[in-house]
Amino acid sequence: MTEVSPAQHGIWINERAGAWSAYHMPLAIRFGAPVDEGALAKAVAALVERHPLLGAAFEERDGLPSLVPAAEPPFLAREEVKGPFDLAKGPLVRFALQGDELRVEAHHAVFDGQSKEVLVADLLALYRGEVLPPLPPLAPSEAPAEEARAFWASRWRAPEEVVVPGGVLRSRRASPGRVLEFSLDVPEAEGLTRFEVVLAAVHAVLASYGNAAPVTAIDLSTRTPGQEGHIGPFVTELPVFSAPEHGTPFGRFALALRAELREVYRHRQVPLARAIPGLRPHVALAPVSVSYRRGGHDDRVEWLAFNQAVRGALQLQLLDRPSGLVASLRHDPDELPDPGRVVADLRSWLSGDLSRPLSTTQAPPSAPAPVAADSGQERRVEGDPLLAGITAIWEEVLQLSPIEPYDDIFDLGGHSLTITQIIARVRKRLDVEVELDDFFDNPTIAGVIGVIRR
């Protein structure tokens with residue numbers, strides 16, 4: 001068994017809560033000629049041997065997931081398999097040959113955007129009969145979290161709803177989605193990369209809709225030099241906050257956003273859940289997210305194949321190719337009724353003068369949040385027979401004693417991994433199931449007992 005990474009643990013938790021196909025990462029390779037099926041099957045087997053993570057599954061023991069070999073190894077099939085992956089059985093990649101097209105679908109728990117490039121390059125080389133040099137041993141790394149905690153303590157705020165024409169984006173879950181694919185012409189701007197110009201334009205468009213403090217989640221690679229050439233989920237999702245001011249030249253705003261991005265990059269090795277106590281797991285960090293990747297040099301490959309789902313309400317995926325920037329806007333149709341308007345406004349910002357001023361409007365007031373009912377007094381648990389058993393479990397997992405009934409687990413240094421361990425032991429010893437969301441809403445021993453009693 002192999003210990004999972006923090007990124008894999010987060011995906012595992014969200015998958016258990018129901019992630020549709022939002023974590024499926026498909027691609028297609030068109031050979032353009034008759035395929036030697038036997039040679040391709042051998043290449044698939046050699047690829048899995050080279051990247052054993054593709055042939056893995058997740059086994060839960062005492063609330064902790066571990067990587068184990070799948071019940072069956074991946075193989076080349078003649079029909080494409082639809083439906084969710086079984087993380088407990090695996091394997092977490094599928095290969096299906098249909099005519100001269102190979103369709104590949106991998107789960108994000110073992111895969112990321114750059115893994116697509118690695119898989120295509122290695123698979124085609126093996127199909128040609130090439131002998132690949134051995135990969136260096138994979139050394140996982142995670143930077144100390146103290147600096148990241150201090151950095152996010154002064155910046156973090158829970159992402160709020162996003163106003164868009166004709167609707168409001170609230171979703172941070174996974175749901176069936178739709179897609180718009182289009183090209184983007186990005187003007188050259190001194191001191192800015194193409195990604196930075198596009199991200200600034202996204203924030204400017206959101207500000208023009210009435211969002212005073214836009215936030216977008218961005219996918220960032222966490223690959224170290226020792227992880228190059230490997231397949232795996234070497235990626236994290238972090239927020240980028242901005243506060244556009246009416247009349248600020250776009251170029252100046254974009255440079256300020258670039259400076260913020262550079263600060264965020266410094267902490268990419270630390271998962272946000274390790275830096276912010278009590279951060280609730282969500283499939284999407286914010287309703288709006290942006291991902292960017294260079295590559296996609298092989299025109300035979302469909303790099304941005306759609307997985308029929310969306311994480312959050314709007315995902316903008318960007319692929320920077322030699323021929324230009326290709327965009328894929330995945331969206332929840334229940335929350336974004338007019339994705340074409342967003343695309344048109346984004347293109348408008350990028351086609352105009354980058355020195356023009358930002359235009360911001362006042363968002364309509366949102367409905368007041370419902371007020372929770374107050375029972376008038378806290379539930380007393382001192383005489384409850386569950387108290388001793390649950391307290392013992394908390395003290396075992398957290399390795400702290402004594403823990404009082406109203407001590408908050410996050411103040412004690414707990415996090416989502418701690419909580420899954422506690423939930424598993426409560427299930428095993430007390431034959432009671434506590435949902436993860438209920439735990440986050442009631443992060444004390446007294447709160448958990450209250451949930452069980454209700």
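Colleague: How do the residues lining the second largest pocket divide into nonpolar, polar and charged?

Modeller: A pocket is an open set of points on a 1 Å grid over the protein atoms alone, with protein on both sides within 12 Å along at least five of seven lines; lining residues have an atom within 4 Å of a point. Ala, Val, Leu, Ile, Met, Phe, Trp, Tyr, Cys and Pro count as nonpolar; Asp, Glu, Lys and Arg count as charged; the others, Gly among them, are polar. On that basis the lining divides into 14 nonpolar, 10 polar and 10 charged.

Colleague: What kind of model is this?

Modeller: Residues are numbered from 1 along each chain as its sequence is written, and side-chain values use heavy atoms, without hydrogens and water. Local features need pLDDT of at least 70, side-chain atom pairs count only at pLDDT 80 or more, and totals for chains, interfaces and linings use all residues, for the model is predicted.

Colleague: Which element gives the most residues to the lining of the second largest pocket?

Modeller: Helices (H or I, at least four residues) and strands (E, at least two) are DSSP runs, numbered from the N terminus. Among the elements that supply at least two residues each are β2 (24-30), α3 (113-127), β12 (215-221) and β14 (288-294). With four residues, the most comes from β14.

Colleague: How much space lies in the second largest pocket?

Modeller: Of its 34 lining residues, Gly113, Asp219, Ser291, Tyr292 and Arg293 lie nearest the centre. Grid points are joined across faces, edges and corners, and a volume is the space filled by probe spheres set on the points. For this pocket that comes to about 830 Å³.

Colleague: Is β14 mostly covered or mostly uncovered?

Modeller: Buried means under 20% relative accessible area, exposed over 50%, and partly exposed in between (1.4 Å probe, protein chains only). Six of the seven residues of β14 are buried. That strand is mostly covered.

Colleague: Which residue in β17 is the bridge partner of Tyr292?

Modeller: Two strands pair if DSSP finds at least two bridges between them. β12 and β14 run parallel, joined by two bridges, with Ala217 facing Ser289 as its bridge partner. Seven bridges join β14 to β17, again in parallel. Across that pairing, the partner of Tyr292 is Leu318.

Colleague: Why is strand β18 described as largely enclosed by the rest of the structure?

Modeller: β18 (residues 324-331) has β11 (residues 178-184) as an antiparallel partner over seven bridges, and Ser183 bridges to Val326 there. Eight bridges join β18 to β17, also antiparallel, and a hairpin links β17 to β18 through two residues. β18 is largely enclosed because the number of its eight residues that are buried is seven.

Colleague: Which element supplies the largest share of the lining of the largest cavity?

Modeller: A cavity is a set of grid points where a 1.4 Å probe fits but cannot get out. The search finds three of 30 Å³ or more, and the largest holds about 130 Å³. Its lining includes Leu316 and Leu329, which are bridge partners, and divides into 11 nonpolar, no polar and no charged residues. The largest share, three residues, comes from α5.

Colleague: Is Ser416 buried or exposed?

Modeller: Ser416 lies in helix α10 (residues 416-430). Beyond four places in sequence, Ser416 has contacts (heavy atoms within 4.5 Å) with His9, Ile13, Arg274, Pro281 and Phe440. Its relative accessible area is 10%, so Ser416 is buried.

Colleague: What is the strand order in the open sheet of three strands?

Modeller: β1 (2-3) and β3 (56-61) stand at the edges with a single partner strand each, so one side of each lacks a neighbour in the sheet. Two antiparallel bridges pair β1 with β4 (residues 64-69), and Glu3 has Ser66 as its partner. The order is β1-β4-β3.
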